[in-house]
Protein chains: 2
Amino acid sequence: MQPNVVLDHSKSEGAQAPSWPSRAVPRGIAARALRSFLHAMGDPPISFDLWNGERVVPSAGRPVATLKIADARTLAHLILRPELGFGEGYVDGRIEVDGELVDLITAIDQAQPAPWAQRVFNRGRKPRRNSLVGSRHNIHAHYDLGNDFYRLWLDPHMVYTCAYYPTPAASLADAQVAKLEHVCRKLALRPNESVVEAGCGWGALSLDMARHHGVRVRAFNISTEQIAYAREQAAREGLADRVEFVEDDYRSIGGTYDAFVSVGMLEHVGTEHYAELGRIIARSLAAHGRGLIHTIGRNRPARLNAWIEKHIFPGGYPPTLGEMQAIFEPFDFSILDVENLRLHYEKTAADWLAAFEKARDEVAQRFDQRFVRAWRLYLSGTTAAFRTSLLQLFQVVFARGRNNHIPWTRAYLYE
Amino acid sequence: MQPNVVLDHSKSEGAQAPSWPSRAVPRGIAARALRSFLHAMGDPPISFDLWNGERVVPSAGRPVATLKIADARTLAHLILRPELGFGEGYVDGRIEVDGELVDLITAIDQAQPAPWAQRVFNRGRKPRRNSLVGSRHNIHAHYDLGNDFYRLWLDPHMVYTCAYYPTPAASLADAQVAKLEHVCRKLALRPNESVVEAGCGWGALSLDMARHHGVRVRAFNISTEQIAYAREQAAREGLADRVEFVEDDYRSIGGTYDAFVSVGMLEHVGTEHYAELGRIIARSLAAHGRGLIHTIGRNRPARLNAWIEKHIFPGGYPPTLGEMQAIFEPFDFSILDVENLRLHYEKTAADWLAAFEKARDEVAQRFDQRFVRAWRLYLSGTTAAFRTSLLQLFQVVFARGRNNHIPWTRAYLYE
């Protein structure tokens with residue numbers, strides 16, 4: 001079991017006693033500050049119960065939830081650094097939510113903050129660098145929490161990226177299988193072709209490609225636990241001769257391949273490395289090769305939520321389609337197909353959240369209540385962010401510019 | 001009949017006698033200069049017969065065509081301004097091509113010029129501005145050549161944009177009908193919805209939407225002849241109460257609509273106006289509205305071929321997907337779907353070219369041989385540019401970021 005980074009970070013900042021006593025804040029001051037803050041944030045329909053018995057209700061409309069604030073320090077943190085303050089206050093139990101967490105975050109995301117407020121609340125943030133060493137640290141922090149932990153709430157194939165629900169009624173398990181197949185179809189795989197996967201998670205896609213499409217796969221990942229799991233799976237299924245799992249950075253990819261695929265890695269790459277990633281793809285893809293990048297994205301450039309970036313995805317950054325062009329344009333790749341599966345990720349995250357809640361007692365045994373609260377918040381926030389379109393999910397299919405061996409239409413994807 | 005801009009431009013520059021006599025160029029000099037030039041251009045497999053009997057053959061491989069150069073001035077123009085020099089020399093008959101024009105241009109497009117050569121040959125070019133007045137002039141020059149002219153070689157619905165061939169064996173007429181339907185499906189039109197079309201050509205899409213999907217349409221175009229034709233069609237079909245053709249610039253669009261569509265206009269807008277276009281769409285699209293932009297594009301930013309820009313599409317510029325984000329990102333539009341139909345445009349242009357060649361005697365009677373040569377070159381160059389991936393065809397579907405009434409999957413497009 002790896003050290004729990006989420007826990008460590010939170011503890012270091014929020015778990016002490018407040019440094020100044022809440023009773024020193026005169027009545028009315030806290031409520032007035034909170035009202036001004038809420039107004040700057042676009043008046044989300046939320047009520048607040050403060051430690052001193054004061055209550056702040058929305059200026060209009062029914063509240064979707066009530067936040068109970070334990071002390072003045074928690075309120076100050078919330079007002080001065082809303083994203084961190086809410087996340088850390090919630091994890092510490094100094095902010096309790098009476099109502100649905102997803103609905104609460106949806107209401108916050110849907111409010112339209114004043115432009116100055118957005119600038120102020122995002123000041124002074126520096127992302128962690130995704131250098132070779134930095135990436136290992138960043139990835140380790142999230143993906144090496146233990147395969148047993150993820151097994152509690154992911155689908156049976158352990159796919160930790162957006163699923164593809166043929167219909168909204170499909171199960172998560174079926175939707176992840178459908179996603180693997182959707183990706184394989186988009187890559188137009190043929191038997192005995194070679195594929196390289198950058199960032200392979202627990203290996204579900206690589207194994208599926210070898211199993212159902214007869215291709216040979218080299219799959220890269222720097223998460224120790226994920227690679228170990230993937231190798232075990234390959235051995236168990238007798239696929240070890242067709243799928244090679246390499247514990248290494250995508251920057252170490254060598255050789256040429258008929259297909260390049262990366263599902264859920266680009267979020268961890270960082271825009272400053274996109275040209276490098278493009279160069280790696282350009283040297284790895286055969287003349288008639290196909291490529292697919294599946295990534296969380298944005299409509300407009302924006303930093304990740306500060307709490308998510310600090311405690312859940314250090315170094316994470318979801319790009320816009322425009323920012324992604326730094327991968328493609330310099331190397332004359334043709335974008336052939338872009339599909340936005342935003343609503344599928346809302347549903348995926350909601351399904352994860354429901355499974356996580358079912359398993360929360362087991363999670364609490366392995367970790368503790370603060371860990372449970374952190375992951376509940378992360379999965380709730382993810383659900384809300386895709387629901388409110390703060391986040392997108394792009395599947396981008398591309399090929400070399402001069403490759404005319406490309407599908408005539410997309411009808412074959414839907415046969 | 002409108003004045004023929006193509007003809008006028010060409011005449012003003014290339015039709016005089018050469019200003020210095022070809023016989024003054026010593027033997028060997030011209031051939032040597034040409035060889036150096038061809039090497040800088042990446043050694044395309046082309047032979048040359050010069051006016052003085054000298055012959056230049058490719059350094060390697062079989063030539064795809066032979067260019068007969070009539071005089072030294074034509075060669076100098078070709079070497080100093082390759083795109084203009086070739087186009088104007090060909091139109092003037094001072095360059096004759098022995099071989100297939102499409103194959104010749106394909107070979108030129110596929111050659112890899114030295115980086116310095118690309119810089120040198122694109123120096124000093126200024127695009128014409130697409131201001132309100134400039135746009136009228138630029139559009140008038142191309143689209144008001146007379147509906148009778150376009151009727152000679154377009155499909156029966158007069159659709160002058162990339163078709164959608166369900167299979168490569170489909171006819172142009174069927175493929176244009178399929179394209180109209182493909183666009184309508186992507187827009188998920190419902191009866192009695194309202195649609196605004198920016199740049200409607202001869203009205204085929206607007207009429208099709210009203211006819212088959214029961215929507216009301218306002219369609220904008222600044223080409224006088226096209227609007228007149230479109231109105232006639234609407235009246236003839238009894239659709240004048242459902243389709244309003246407005247002879248005005250897209251910047252005059254008012255009102256709100258359930259769908260925004262623009263097919264083949266963005267090429268004429270110019271990147272400096274993309275934010276303005278985005279603002280117009282943002283104010284015109286209903287909360288649950290869908291948008292589609294169909295445009296010629298690029299893998300990498302590049303100016304239009306100099307001859308095409310000067311003589312065929314003044315002010316034209318095909319953008320990259322990255323450049324197109326200036327329309328979408330500032331207004332929080334979500335890109336839902338991008339399809340690249342490059343090979344369909346190669347086939348469309350080839351079908352146009354074949355129909356044009358069948359009608360060339362009639363075209364020559366209306367205009368003259370120089371006009372025939374100019375349009376043959378333009379349609380051949382277009383075919384080659386899509387074949388070699390110098391040009392792309394993007395269909396981009398988008399919606400407001402916060403609109404969750406979007407299709408669940410794309411399967412409905414292929415039912």
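Helix α4 of chain A (residues 82–92) is largely enclosed by the rest of the structure, because eleven of its eleven residues are buried; a residue counts as buried if 20 or more other C-beta atoms, placed from the backbone, lie within 10 Å of its own, as exposed if there are 12 or fewer, and as partly exposed in between. Helices (H or I, at least four residues) and strands (E, at least two) are DSSP runs, numbered from the N terminus. This is a predicted model, in which local features need pLDDT of at least 70 and side-chain atom pairs count only at pLDDT 80 or more, while totals for chains, interfaces and linings use all residues. Residues are numbered from 1 along each chain as its sequence is written, and chains are lettered from A and ligands numbered from 1 in the order in which they are written.

The buried residues of α4(A) include A:P82, A:L84, A:F86, A:Y90 and A:D92, and the helix is followed by A:G93, whose phi is positive, near 80 degrees.

The C-alpha atom of B:D92 is separated by 9.6 Å from that of B:F371, although the two residues are 279 apart along the chain. The axes of helix α3 (residues 72–80) of chain B and of α4(B) come within 5 Å and cross at roughly 145 degrees; the contact is made by B:T74, B:H77, B:L78 and B:L80 of α3(B), together with B:P82, B:G85, B:F86, B:E88 and B:G89 of α4(B). Axes here are lines fitted to C-alpha atoms, for helices over the stretch in contact, and angles run from 0 to 180 degrees between N-to-C directions.

Chain B also holds an open sheet of four strands with mixed pairing, in the order β2-β1-β3-β4, where two strands pair if DSSP finds at least two bridges between them. Its edge strands are β2 (55–56) and β4 (95–99) of chain B, each of which pairs on one side only. Strand β3 (residues 65–69) of chain B and β4(B) pair in the antiparallel sense over five bridges, and B:T66 has B:D98 as its bridge partner in β4(B). Helix α5 (residues 101–110) of chain B lies across β1 (46–49), β3 and β4 of chain B, running at about 100 degrees to β4(B).

The discussion now turns to the meeting of the two chains. Here 32 residues of chain B are in contact with 32 residues of chain A, and α14 (321–328), β10 (333–340) and α15 (342–358) of chain B each supply at least two residues of the side of chain B that touches chain A. The most comes from β10(B), with eight residues, and by class that side of chain B has twelve nonpolar, twelve polar and eight charged residues. Strand β10 (residues 333–340) of chain A runs antiparallel to β10(B) and is joined to it by three bridges; A:V338 has B:V338 as its bridge partner, while A:E339 stands opposite B:D337. Strand β10(B) is mostly covered, with eight of its eight residues buried, and seven bridges join β10(B) to the antiparallel strand β11 (residues 392–400) of chain B.

Definitions and conventions:
Contact = placed C-beta atoms within 7 Å. Nonpolar A, V, L, I, M, F, W, Y, C, P; charged D, E, K, R; others polar.
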